[in-house]
Structure formats: structure tokens, C-alpha cells
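I opened a new notebook page for this protein. My plan is to go from the whole chain down to single residues.

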Amino acid sequence: MRKEGGRGEQIALQYLVKKGYRLLQSNYNAPCGEIDLIVYDDKYLVFVEVRMRASREYGHPLETVTPAKQKKIRKTVEHFLIKNRRSTLQPRIDVVAIDAPGGGFEEVRIEHIENAF
């Protein structure tokens with residue numbers, strides 16, 4: 001994992017915990033891909049893709065969740081659900097986009113897209 005990715009996941013997790021979610025697992029790996037965070041609340045089991053950019057030079061963080069990336073995430077979610085059938089919570093895929101202008105981490109903007117795709 002790249003340093004920025006780990007920092008982005010920390011920021012996203014802190015944000016989600018403040019919203020009432022609880023962490024089930026981070027960095028779930030399957031042959032088809034990885035899920036950054038798996039969190040839950042009373043209603044949903046949420047698979048979270050975290051995207052962070054230190055600058056807009058290469059676009060907004062949400063632009064990096066391409067159709068190919070979405071397909072990979074879906075397959076990984078399916079893999080998790082098949083291996084862990086005990087959950088009765090409704091699954092959902094969210095994206096947390098973190099914009100850290102100028103490469104600093106003091107001022108971050110977080111955009112949370114629930115049920116992103």
C-alpha cells in the first residue's frame with residue numbers, strides 16, 4: 001500500500017466512525033481485488049473504496065473509480081459475501097473521496113458517496 005493510500009484510509013475511517021459506522025475489516029484481499037474498508041451500522045454492511053488525491057493535477061479522486069475499477073470492486077464484494085454468509089445486513093458499496101490540496105493533510109475535503117454503484 002502506498003503511503004498516501006494508508007493515510008487516506010485512516011482519514012476515511014475516522015470520518016466514518018464519527019458518522020456511527022464500526023470497522024469490520026480493512027484491506028480485505030481476494031484473488032479478484034481489494035476492498036479498502038468494510039464497515040457496518042445497524043442496517044448496512046458497507047464496502048468502502050477510498051480515493052485520495054494530494055492535487056487536482058490528475059483530476060478529482062472520484063474520476064479514478066472507472067468502470068473497470070467498479071467491476072473489480074463488485075467481484076471482490078461478491079467474493080467476501082460468499083465466504084462470509086453469516087451477515088444479515090444489506091450490502092452497499094460506498095466511495096469516500098478525499099481531496100488534500102497542495103499535498104498537505106491539514107485541510108482535507110471529504111466527499112462520501114453512499115451506494116455509489
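This is a predicted model: local features need pLDDT of at least 70, side-chain atom pairs count only at pLDDT 80 or more; totals for chains, interfaces and linings use all residues.

**Entry 1: the elements.** I looked up the order of the elements and read α-β-β-β-α-β-β from the N terminus on. That gives two helices and five strands.

**Entry 2: the whole protein.** I checked the overall size next. The radius of gyration is 14 Å, close to the 13 Å from the globule rule for 117 residues, so the protein is as compact as a globular protein of that length. Along the principal axes, the C-alpha atoms fill a box of roughly 45 × 30 × 20 Å. I found that 39% of the 117 residues count as buried. The protein exposes about 7,100 Å², and carbon and sulfur atoms supply 48% of that. I then turned to contacts with a separation of 6 or more. Residues 24 or more positions apart account for 54% of them.

**Entry 3: helix α2.** I compared the length of α2 with what its residue count predicts. Helix α2 covers residues 67-83, which is 17 residues, and at 1.5 Å a residue it should span 24 Å. Its end C-alpha atoms are 24 Å apart, so the two agree.

Which residues of α2 are buried? I listed Gln 70, Ile 73, Thr 76, Val 77 and Phe 80. Seen down the axis of α2, the buried residues fall within an arc of 125°, so they line one face of the helix.

What covers the buried residues of α2? The cover includes β1 (22-30), β2 (33-40), β3 (44-53) and β4 (90-99).

**Entry 4: strand β3 and its partners.** I followed β3 next. Eight of its 10 residues are buried, so I wrote it down as mostly covered. Strands β2 and β3 run antiparallel and are joined by four bridges. They form a hairpin, with three residues between them. Across this pair, Val 39 stands opposite Val 46 in β3. With β4, strand β3 pairs in the parallel sense, over 10 bridges. There Val 46 stands opposite Arg 92 in β4.

**Entry 5: Arg 92.** I stopped at this residue in strand β4. Is Arg 92 buried or exposed? Its relative accessible area is 7%, and buried means under 20%, so Arg 92 is buried. I looked up its contacts, leaving aside neighbours within four places in sequence. Arg 92 is in contact with Tyr 21, Tyr 44, Leu 45, Val 46, Phe 47, Glu 114 and Asn 115.

**Entry 6: Leu 89.** Where does Leu 89 sit? I found it in the loop between α2 and β4. Leu 89 has a relative accessible area of 23% and is partly exposed. Not counting residues up to four places away in sequence, Leu 89 touches Tyr 40, Asp 41, Asp 42, Lys 43, Tyr 44 and Leu 45. I also checked Leu 89 against Val 50, 39 residues apart along the chain. Their C-alpha atoms are separated by 21 Å.

Methods. Residues are numbered from 1 along each chain as its sequence is written. Side-chain values use heavy atoms; hydrogens and water are left out. The expected span of a helix is 1.5 Å times one less than its number of residues. Buried means under 20% relative accessible area, exposed over 50%, partly exposed in between (1.4 Å probe, protein chains only). The arc is that of the directions from the helix axis to the C-beta atoms. Contact means heavy atoms within 4.5 Å. The radius of gyration is taken over C-alpha atoms; the globule rule is 2.2 Å times the number of residues to the power 0.38. Accessible areas come from the Shrake-Rupley method with a 1.4 Å probe; for residues, only the protein chains shown count as cover. Two strands pair if DSSP finds at least two bridges between them.
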